[in-house]
Amino acid sequence: MLTPAKWLWSADNERDDTVYLRYSFVVAPSGPVADLTVSADNAFELYLNGILVGSGDDWLTAQTYSHLALSFGANVVAIKATDAGEIAGLLAEITVDGRRFGTNQRWKCTTHESPGWKALDFDDS
């Protein structure tokens, strides 16, 4: 399946590290549910509006989480991804009301965990 998502990681892609990624988006009343598909080399934890949705540790098999309830208005997907060596990457796609949003340069990425980083009201500016 083709996806608009691009593989992401921190600028230093060749060391064992953990990255924290966030993507904020707004939902109109017509799209109250989402499907999220994620794969990370090597492992991830996926959060939607601060709530743990799932995790995975097999980058060859993407995990899909379906019919996730969204808030009307602002929402945030937050992902903690961990590399176990060599080249790393994370790929994610959000589908809302038939629209697909993939990982790209608009996602925020850092190697530093800040308190509350996965919460909707976290200031990631």
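Which residues lie nearest the centre of the largest pocket?

**Entry 1, ground rules.** I am working from a predicted model, in which local features need pLDDT of at least 70, side-chain atom pairs count only at pLDDT 80 or more, and totals for chains, interfaces and linings use all residues. Residues are numbered from 1 along each chain as its sequence is written, and side-chain values use heavy atoms, with hydrogens and water left out.

I looked up the lining of the largest pocket and found 10 residues, of which Thr3, Thr37, Ala62, Leu91 and Glu93 lie nearest its centre. A pocket here is an open set of points on a 1 Å grid over the protein atoms alone, where a 1.4 Å probe fits, with protein on both sides within 12 Å along at least five of seven lines; lining residues have an atom within 4 Å of a point. I noted a space of about 160 Å³, the volume being that filled by probe spheres set on the points, which are joined across faces, edges and corners. Strands β2 and β7 each supply at least two lining residues, strands being DSSP E runs of at least two residues, numbered from the N terminus.

I checked Val96, which lies in strand β7 and is buried, with a relative accessible area of 1%. Phe72, in the loop between β5 and β6, counts as exposed at 56% relative accessibility. Leaving aside residues up to four places away in sequence, Phe72 touches Val27, Ala28, Pro29 and Pro32, contact meaning heavy atoms within 4.5 Å.

I finished at Asn49, placed in the loop between β3 (43-48) and β4 (51-56). Its side chain makes a polar contact with the side chain of Asn75 at 2.8 Å, and the Asn49 side chain also reaches the backbone nitrogen of Val76 at 2.8 Å. A polar contact is a pair of N or O atoms within 3.5 Å; within protein, one must be able to donate a hydrogen and the other to accept it, and residues adjacent in sequence count only if both atoms are side-chain atoms.

Terms used
Helix = DSSP H or I, 4+ residues; strand = E, 2+ residues; numbered from the N terminus. Buried < 20%, exposed > 50% of the residue type's maximum accessible area, 1.4 Å probe, protein only.
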